[in-house]
Amino acid sequence: DWTPDSFIETTVAALREKLGDDKVVLGLSGGVDSSVAAVLLHHAIGKNLHCIFVDNGLLRKDEFEQVLESYKHMGLNIKGIDAKQRFYDALAGLTDPEKKRKAIGRVFIEVFDDAAHEVQDVKWLGQGTIYPDVIESVSVKGPSATIKSHHNVGGLPDFMKLKVVEPLNTLFKDEVRKVGKALGIDPNILGRHPFPGPGLAIRILGDITPEKVAILQEADAIYINNLRAAGVYDKVWQAGSIFLPVQSVGVMGDERTYENVICLRAVESVDGMTADWCHLPYDLLAKISNEIINNVKGINRVVYDISSKPPATIEWE
Ligand code: XMP
């Protein structure tokens, strides 16, 4: 019978056998899959696993620092790379969602390739690929599509010439979570809502500026912290905030304001293919709206998305 413990035992032994004294590089995203893959590899080969975690400037508030800290706490050999400015430069002026995705994918590959070159004699690329990624090629929006489109223009980056090791490629998501739990991984990492690779860049409609990112991070932190405090976070499949490219009139004291709108999104889903909007309690929505408008400079209106998928999508871009 499959149990997380038996899976861990046989997988770690098989990885040790396969990898011997070889070095592996692996990109961590803060998500469940790459984290569990990293910890399994770490059990098998210890310091020969070199993890790379890129700050693309498009993560949630304080997420890079917090996740980096918990990875270090797990004993992983990890390098955090501040590449915020490179991503902002590449995104400047872009408004088309697919162009934004391509720019982010391209810069990620460049940054990762540079970091991988610093690991002498590396032989393997570790990946958190899970079974559903293997059977159906990932959605057109997914990171692999970005990598493929990169091939056609610039040739293969060096790290993609490495042999690939994918310890989770027989598992479904719920099994990955069970393995992660048995490995003692931080529940905050295991229970995290899905978060798109391009991050907040596809939750800011229109062009990206560091100022808009900062506003969205503040609003989103208020939203997510309130979901946690109300005990709702774990019941929701995915929640996030969207910065709308719209200004509307408001009033603050005796002043007329003309500022941006934040949209809150929360959905229930099994696999992201279809989704229903969550019927969050009105009182909770009211509290979140007040907190955002009173505390986040640049926002004077909050709306809630009541669209399901299909025909809407979960993200707005
Ligand atoms: P949609 O918006 O298509 O999203 O209903 C379905 C799921 O996919 C995530 N998503 C992405 N994940 N790169 C990713 O890694 C992307 O470009 C991307 N676009 C959407 C989305 O967050 C949801 O979980």
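1. Basis. Residue numbers start from 1 in each chain, following the sequence as written. The model is predicted, so local features need pLDDT of at least 70 and side-chain atom pairs count only at pLDDT 80 or more, while totals for chains, interfaces and linings use all residues. Helices are DSSP runs (H or I, at least four residues), numbered from the N terminus.

2. H2 and H8. Helix H2 (residues 32–45) packs with helix H8 (residues 173–182) at an angle of about 45°, and their axes are 10 Å apart. H2 passes H8 in a left-handed crossing (the near helix is turned anticlockwise from the far one by less than a right angle).

3. Their contact. From H2, Val32, Asp33, Ser35 and Val36 meet Val176, Arg177, Val179 and Gly180 of H8 (C-beta atoms, placed from the backbone, within 7 Å). By class, this contact of H2 with H8 has four nonpolar, two polar and two charged residues, with Gly counted as polar.

4. Asp89. This residue is found in helix H4 (residues 84–91). Asp89 is exposed, as 10 other C-beta atoms lie within 10 Å (the cut-off is 12 or fewer). Its C-alpha atom is separated by 9.8 Å from that of Ala103, 14 residues apart along the chain.

5. H5. Helix H5 (residues 97–117) has 21 residues and reaches 30 Å from its first C-alpha to its last, close to the 30 Å expected at 1.5 Å a residue. Ala103 is among the buried residues of H5, which also include Lys100, Arg101 and Phe108 (buried: 20 or more other C-beta atoms within 10 Å).

Conventions. Axes fitted to C-alpha atoms, helices over the stretch in contact; angles between N-to-C directions. Helix = DSSP H or I, 4+ residues; strand = E, 2+ residues; numbered from the N terminus. Contact = placed C-beta atoms within 7 Å. Expected span 1.5 Å × (residues − 1).
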